[in-house]
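I opened the notebook to record what I looked up in this structure, one entry at a time.

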Amino acid sequence: MKIAIIGGGAAGMMAAATINENNPKAEVFLIEKNASLGKKVIISGGGRCNVTTGLQDVQAILGKYPRGGKFLNSAIRQFSPQNTRDWFENHGVPLKCENDMRVFPISNNGKDVVKAFEKVFKKYKTNILFNHQVTKVKRLHKSAGFIINFKTQKALQVDKVILTLGGQAYRQTGSTGDGYSLAENLGHHITELAPSLSSLISKEKWPTLIAGLSFSKATFSAKTKSPTGRVNKYSFTGPFVFTHWGISGPAVFALSSLIAFETFSPNQQLKITIDLLPDLKIEKIITDLKKFIKNNPNKLFKHTLQQFIPLSMATVVIEQVKIDIAPSTSLRAGKKNNAISNKELNQTANWLKNIPLTITDRKAGDEFVTAGGVDLAEVNPSTMESKICPNLYFAGEILNIDGFTGGFNLQASWATGHLAGLNSCK
Ligand SMILES: Cc1cc2nc3c(=O)[nH]c(=O)nc-3n(C[C@H](O)[C@H](O)[C@H](O)COP(=O)(O)OP(=O)(O)OC[C@H]3O[C@@H](n4cnc5c(N)ncnc54)[C@H](O)[C@@H]3O)c2cc1C
């Protein structure tokens, strides 16, 4: 039996290795247009490769996928994050789970993840066709298999095909969305596509002043109205960082994922709010500030705010809330506590709980994944086989599945890749 796996990324490598180890007699062709495997895996997680999550509860894991969670139920149960961890540990990649439940190789080197697969391919003498760009996959009549056409090489005939060409994010790694047209040619539908897990650009320029300042927890909220008048509310709590262009970090990536299909641009801006102190009620902030002000009348107000936020942020706050600066006082010094009115104090607390930000765009080209892909209704969730074209399988980001940061996207690729490999070689 000849099985072609098109795309040598995370899902493709896992599919190929699974076939090798479960049916060594099957002849595997791992086809990759780059000169090496797993380019995106190697740069993932900032080069450290966040291979999966330390979470174990299946429902909690599925909840991390804004699209595709329900479909993934079977795949995650059959190849869970724990199975992923065992797989890598058993293939010579010791892992560690960090405090935030992200799992990385102990070596902090994504190359070790790819090397684990390369060892399997060497052992099983897997056919790896590098520098082979697939241009078309044609299904032959009835059970005669498929013909794969390449840009420059001779066509290849196989019995089964697994499409693992990824999405169209980080195109420089080779994932340029070629898989969508190959799937469409074989009768599948591609849902609307959008960038996901990206930084967001703000109209306001003040974030530049505190670029690099990070917070371990803040709540981001957005509200949109569809043309039909339907109101959509989005909210996410987590760590983030201010940047020269606006905001970034895990919570912002998650928000960008939730609003992936919302339209916003410099001409159609999206208003969001940030609650910088999500664990504190506004009344508590006001009471604490009042108490501190009473006990420290001569202290500068911006230093008083340091109870809650770093000084650089406090400076931004008093500027944004427009707390009056006495004429003789420089902006740097600001007002003393005894000069702060109740109104100013309330406004300050309110601002910290509802920082308004106007989002004009996503940071172009820096998104981690593509939302949307092969329509999940057309794929069997237990086997990854096409319901439209027998002996055709899908795995990885080419599917309409995308998750938050934290190892969930690679986990989806490993799990679906494993299932596609296992079921195609039966
Ligand atoms: C910067 C960055 C960091 C990330 N970090 C993490 C992380 O730490 N943890 C996590 O879970 N997720 C992370 N992700 C997401 C994760 O890497 C992807 O979701 C995952 O790699 C997708 O795997 P895939 O196999 O489906 O596709 P890909 O890895 O994109 O692989 C597709 C392969 O197909 C090949 N290909 C494309 N077209 C053709 C063609 N016509 N012919 C032949 N071959 C072709 C490509 O060259 C590529 O090698 C990150 C993504 C990015 C961009």
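**Entry 1: contacts and the whole chain**

I began by settling a term: two residues are in contact if their C-beta atoms, placed from the backbone, lie within 7 Å. With that in hand I looked up the contacts in the chain with a separation of 6 or more, and residues 24 or more positions apart account for 73% of them. I note here that the model is predicted. The chain has 426 residues, and 45% of them count as buried. I then looked up the secondary structure and found 13 helices and 19 strands.

**Entry 2: domains**

How is the chain divided by the domain assignment? Domain 1 takes residues 2–194 together with 371–424, and domain 2 takes residues 198–366. I looked up the contact between them, to which domain 1 gives seven residues and domain 2 gives seven residues. On the side of domain 1 that touches domain 2, I found four nonpolar residues, one polar residue and two charged residues. The C-alpha centres of domain 1 and domain 2 are 40 Å apart.

**Entry 3: a parallel sheet**

Before the sheets I wrote down a general point: strands of a sheet pair through backbone hydrogen bonds, either parallel or antiparallel. I looked up an open sheet of five strands, with parallel pairing and the order 6-2-1-10-19. Why is one side of strand 6 and of strand 19 left without a neighbour in the sheet? Strand 6 (127–129) and strand 19 (392–394) stand at the edges, and each has a single partner strand, so one side of each has no neighbour there. From one strand to the next, the twist averages 20 degrees. Within this sheet I checked strand 1 (residues 2–6) and strand 2 (residues 27–31), which pair in the parallel sense over five bridges. I3 has V28 in strand 2 as its bridge partner.

Next I looked up an open sheet of three strands in the order 3-5-4, where the pairing is antiparallel. Strand 3 (52–53) and strand 4 (95–97) are at the edges with a single partner strand each, so one side of each is without a neighbour in the sheet. Strand 4 pairs with strand 5 (residues 102–105) in the antiparallel sense over three bridges. The bridge partner of K96 in strand 5 is F104.

**Entry 4: strand 13 and its partners**

I followed strand 13 (residues 214–225), which pairs with strand 14 (residues 231–242) in the antiparallel sense over 10 bridges. T219 stands opposite T237 in strand 14. The hairpin of strand 13 and strand 14 has five residues between the strands, and there G229 takes a positive phi near 95 degrees. Strand 13 also pairs with strand 16 (residues 270–275), in the antiparallel sense over four bridges. Opposite S221 I found T273 in strand 16.

**Entry 5: helix 8**

How many of the nine residues of helix 8 (residues 250–258) are buried? Seven are, and the helix is mostly covered. The buried residues are A251, V252, F253, A254, L255, S256 and S257.

Is N337 buried or exposed? N337 is buried, because 20 other C-beta atoms lie within 10 Å, and 20 or more is the cut-off for buried. I located N337 in the loop between helix 11 (311–320) and helix 12 (342–353). Leaving aside neighbours within four places in sequence, N337 is in contact with I293, N296, P297, K299, F301 and T304.

A35 is in the loop between strand 2 and helix 2. A35 counts as exposed, because it has 9 C-beta neighbours inside 10 Å. Not counting residues up to four places away in sequence, A35 touches F130 and N131. I also looked up A35 and L280, which are 245 residues apart in sequence and 53 Å apart in space, C-alpha to C-alpha.

Conventions. Residues are numbered from 1 along each chain as its sequence is written. This is a predicted model: local features need pLDDT of at least 70, side-chain atom pairs count only at pLDDT 80 or more; totals for chains, interfaces and linings use all residues. Domain bounds come from an automatic or database domain assignment. Ala, Val, Leu, Ile, Met, Phe, Trp, Tyr, Cys and Pro count as nonpolar, Asp, Glu, Lys and Arg as charged, and the others, Gly among them, as polar. Two strands pair if DSSP finds at least two bridges between them. Helices (H or I, at least four residues) and strands (E, at least two) are DSSP runs, numbered from the N terminus. Axes are lines fitted to C-alpha atoms, for helices over the stretch in contact, and angles run from 0 to 180 degrees between N-to-C directions. A residue is buried if 20 or more other C-beta atoms lie within 10 Å of its own, exposed if 12 or fewer, and partly exposed in between; C-beta atoms are placed from the backbone.
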